[in-house]
Amino acid sequence: TLSLPSFSYLTYTKYGAALLFDDGSIQTACQRKSLEYGCSLDAVTQLARTMGENKGDRKNMQRRVAPSTKDTKRDGLMAVPKLVVQTDQFGVVHTPFATARAFLSEFGYGDCGVLVAHH
């Protein structure tokens, strides 16, 4: 009989992300894994609601603020995202995944800094 190796000792990687706004506030999110990998929600993309839903219009800062993001609102304006970082449970910095990179680029957040590790 064929004996398959045990992979029970392997742990899956857990990802978290943080978003720093120009007013100093920080929002965080974690990856939501699904059995079907394509249905998993990555950590950076989950911050999209916090960043606003104004596709490509960075000049008009009058945005709707979701109830969960009240602390990023000031004087009726939403704070501008300045830096995003994604890390695993070991503290290793990872670049955002493809979905998040596409969101940042396509929705006008290309000038938001991304913290990356340099080896």
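**View 1. The lining of the largest pocket.** Gln31, Tyr37, Gly38, Ser40, Leu41, Asp42, Thr45, Phe97 and Thr99 line the largest pocket. Here a pocket is an open set of points on a 1 Å grid over the protein atoms alone, where a 1.4 Å probe fits, with protein on both sides within 12 Å along at least five of seven lines; lining residues have an atom within 4 Å of a point. This pocket's volume is about 170 Å³, taken as the space filled by probe spheres set on the points, which are joined across faces, edges and corners. Sorted by class, its lining holds 3 nonpolar, 5 polar and 1 charged residues; Asp, Glu, Lys and Arg count as charged, Ala, Val, Leu, Ile, Met, Phe, Trp, Tyr, Cys and Pro as nonpolar, and the others, Gly among them, as polar.

A word on the model: it is predicted, with local features needing pLDDT of at least 70 and side-chain atom pairs 80 or more, while totals for chains, interfaces and linings use all residues. Residues are numbered from 1 along each chain as its sequence is written, and side-chain values use heavy atoms, leaving out hydrogens and water.

**View 2. Inside the largest nonpolar core.** This core has 16 residues, and Leu19, Leu47, Met51, Val84, Phe103, Leu104 and Tyr109 touch the most other members. Strand E1 (15-21), helix H1 (48-51) and helix H2 (98-106) are the elements giving it two or more residues. Such a core joins buried Ala, Val, Leu, Ile, Met, Phe, Trp, Tyr and Cys residues through side-chain atoms within 4.5 Å, buried being under 20% relative accessible area with a 1.4 Å probe, protein chains only.

View 3. The protein chain has 2 helices and 7 strands, in the order β-β-α-β-β-β-β-α-β from the N terminus. These are DSSP runs: H or I of at least four residues for helices, E of at least two for strands.

Technical notes:
Buried < 20%, exposed > 50% of the residue type's maximum accessible area, 1.4 Å probe, protein only.
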